[in-house]
Amino acid sequence: MRSMLKTTAAAIGLSALMSGSVLAEGLNGDLTIFLDTSNPAPRATMEKMIGDFQELHPDLNIKTTIIDREAYKTQIRNFLTADTPDVATWYAANRMRPYVEAGLFEDVSDLWAEPEIAENLASTKGALTIDGKQWGVPYTYYQWGVYYRKDIFADLGLSEPKTFEEEKANCQKIIDAGKKCYTIGTKYLWTAGGWFDYLNMRTNGFDFHMQLLTGQASWESDEVRATFANWRDLIDMGAFIDNHTAYSWQEALPFMVKGDAAAYLMGNFAVAPLREAGLSDDQLDFYQFPAINPNVELAEDAPTDTFHIPANASNKEAAREFLRYVVSADVQTWINDGKNLGQLPVNAKSSVDKDKFLEEGFAMLSTNSPGGVAQFFDRDAPAEMAKVAMEGLQEFMVKPDNLDKILKRLERARGRIYK
Amino acid sequence: MADISTSHDTKAESWWHKNQQKLAPWLFLAPGVLFFLVYVIFPIFQSFNISFYEWDGLGTREYVGLYNYEELYWDDAFYTSLKNNLIWLVLYLLAIPAGLFIALFLNQTVTGIRLYKSLFFFPFVISQVVVGLVFTWFYDPTFGLLNIVLAQFGLGPINVLGDENYVTTGIIIAGLWPQTAYCMILYLTGLNAVDPEQIEAGRLDGAKGGKMLWYIILPQLRPATFIAFVVTIIGALRSFDLISIMTNGGPFGASRVLSFYMFEVALSEYGFRMGYGAAIAVVLFLIMLMFIAYFLWSMYREEKAR
């Protein structure tokens with residue numbers, strides 16, 4: 001631990017020297033940090049990380065406030081305008097747009113100009129950029145993909161599908177065996193957004209997907225209809241569990257644990273509860289969502305969580321130093337390892353923990369996602385559009401015949417929201 | 001010295017003395033009036049004002065006139081919410097007869113009646129959130145008690161909270177459980193005040209059962225019925241907690257009511273339309289105003305009749 005601290009300190013010192021900012025004087029004053037990492041494991045990780053930062057800067061008076069993750073999403077509006085912290089967590093891409101446009105986040109392009117960050121964080125720069133400027137730094141991200149029951153696949157003689165045809169053939173065999181192919185809980189809507197992300201990116205490619213979510217493409221276009229037609233194939237087969245509208249994503253986990261459903265399209269955070277529920281790594285495995293249209297490049301969802309400096313912060317110098325510390329290679333390595341956040345580090349010089357899913361996910365995102373990396377449906381689309389659209393997606397999953405009505409509604413919403 | 005000061009104060013003091021009787025009530029009322037103005041009356045006008053703007057709650061407001069109301073007119077989700085509000089208003093009133101009959105049933109003297117009464121009152125004491133969670137598990141399509149029982153009769157499974165046709169009724173039934181208990185307690189206190197001599201007189205005249213209830217007991221329970229009616233109507237219009245806990249407005253918005261829809265568009269995770277939310281609030285306020293006016297009018301009439 002000691003040695004790691006020293007190297008971290010050295011790395012920071014070095015980066016500071018290169019960027020030319022004054023560090024030797026040491027930081028002082030108050031530093032208020034607001035976090036939304038309210039789950040036990042991330043909470044402990046963050047507290048430890050802030051403790052380490054405190055040791056490096058003993059004169060700094062750090063105050064940390066941890067807010068429930070869901071409550072944070074509504075409280076952020078209040079605390080960015082009054083009683084503002086110096087550092088706050090949030091999400092990348094369009095999810096930060098309202099606050100950027102209202103002038104509530106600090107422009108941190110200067111940090112991104114420093115070579116230490118510019119070189120090592122290049123892969124996530126796009127997600128933090130709005131209007132050509134950067135508004136925060138990432139601290140973790142995670143892959144999405146299909147988590148499946150390896151033992152069920154083995155029993156039925158199935159292998160990981162590479163194409164949508166294989167996927168559907170596999171699914172038919174699973175259904176014939178009296179099980180469901182996919183578990184899902186759409187009570188809170190966003191899980192359906194994940195399915196749409198993948199089906200649309202595989203059918204029409206990353207660029208079209210982004211055009212659609214940023215309001216430049218029509219919801220009533222043929223491309224979108226093709227995506228829904230593919231989705232409908234699965235729905236008509238009975239691939240998804242019944243009554244998914246009544247469940248949250250956590251409540252949908254037991255179907256997979258009990259073996260009633262064979263797979264789950266989810267983010268990597270689903271691995272921890274599945275393991276806790278008793279599935280061993282021999283029973284649980286991961287594959288990349290298969291190709292649908294061979295002419296489009298594979299693209300992935302990898303939501304990024306971020307740190308920002310509110311525009312009204314009082315100790316911006318210390319806040320910048322904290323951001324530099326968070327993204328430094330060593331800190332990135334340990335906060336994202338299997339014992340802590342269990343996700344992927346954003347710094348290219350960090351190492352990924354020896355965990356089957358993290359290694360596979362990292363390889364997938366760095367070598368097999370040529371089309372691009374999306375954030376997620378409700379982070380790429382503006383909040384209002386995401387809400388209306390995900391409701392439509394949920395309705396489609398239950399009543400695929402309503403598609404025309406749904407698309408008309410979304411098109412009308414598009415006309416209103418993107419002006 | 002003292003003489004001088006009194007003579008100096010006489011004028012002011014006499015004015016105070018003359019008007020003390022008139023001023024005192026206003027002084028005592030002042031704190032209440034002040035808070036009522038700041039937290040109830042001004043926000044109502046603010047809502048009216050904000051409903052004419054397009055505003056994300058962060059940036060600058062843009063005046064759009066009646067545009068938000070025009071949007072409401074075209075919004076299917078608004079009509080779903082409005083319809084659900086009406087269903088709530090009608091079905092929630094079932095709590096009144098249900099509460100009355102439980103109260104009549106419990107209005108007897110047997111050993112341990114206090115315990116039974118408390119048990120019946122129990123659902124009103126526990127939080128709405130707990131009621132919502134209990135019913136969510138009860139309705140669970142795979143593991144819930146309801147569907148296990150239905151399966152015994154070879155029926156089901158019914159996905160109550162995931163089906164747009166059943167969901168509102170399902171939530172209202174959950175809401176009726178505590179509301180019935182509330183009405184019951186109102187009627188139990190009312191029954192204590194029923195005049196035994198009138199019952200005696202009614203018996204002598206041969207009134208029994210239903211007739212006794214309708215012509216002798218119920219008229220005496222009028223004040224209790226009025227209060228039960230008021231609290232139930234208000235309860236139905238502010239049905240928010242249960243919807244938020246049990247379905248979060250879903251599936252695809254089928255269980256929303258106006259108050260929940262307002263919260264969703266203006267204040268929830270994805271909501272940034274303060275003006276639109278305010279427009280919904282104004283509509284909800286106008287609906288409530290009809291009931292409030294009716295209640296005030298009937299109270300006024302009652303006062304006059306005395």
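In chain A of this predicted model, strand β3 (residues 87-91) and strand β12 (residues 304-308) pair in the antiparallel sense over four bridges. Pairing here requires at least two bridges found by DSSP between the strands, and the elements themselves are DSSP runs numbered from the N terminus (helices: H or I, at least four residues; strands: E, at least two). Within this pair, A:Trp90 stands opposite A:Thr306 of β12(A). Residues are numbered from 1 along each chain as its sequence is written, and chains are lettered from A and ligands numbered from 1 in the order in which they are written. Local features need pLDDT of at least 70 and side-chain atom pairs pLDDT 80 or more, while totals for chains, interfaces and linings use all residues.

Stepping back, these strands belong to an open sheet of five strands with mixed pairing, in the order β2-β1-β3-β12-β6 (chain A). At its edges lie β2 (60-66) and β6 (137-141) of chain A, each pairing on one side only. From one strand to the next, the twist averages 25 degrees; angles run from 0 to 180 degrees between N-to-C directions, with axes fitted to C-alpha atoms, for helices over the stretch in contact.

Helix α2 (residues 40-56) of chain A lies across β1 (29-35) and β2 of chain A, at about 170 degrees to β2(A).

Turning to the two chains, their contact takes 21 residues from chain A and 21 residues from chain B, where contact means that C-beta atoms, placed from the backbone, lie within 7 Å. On the chain A side, α17(A) gives the most, with eight residues.
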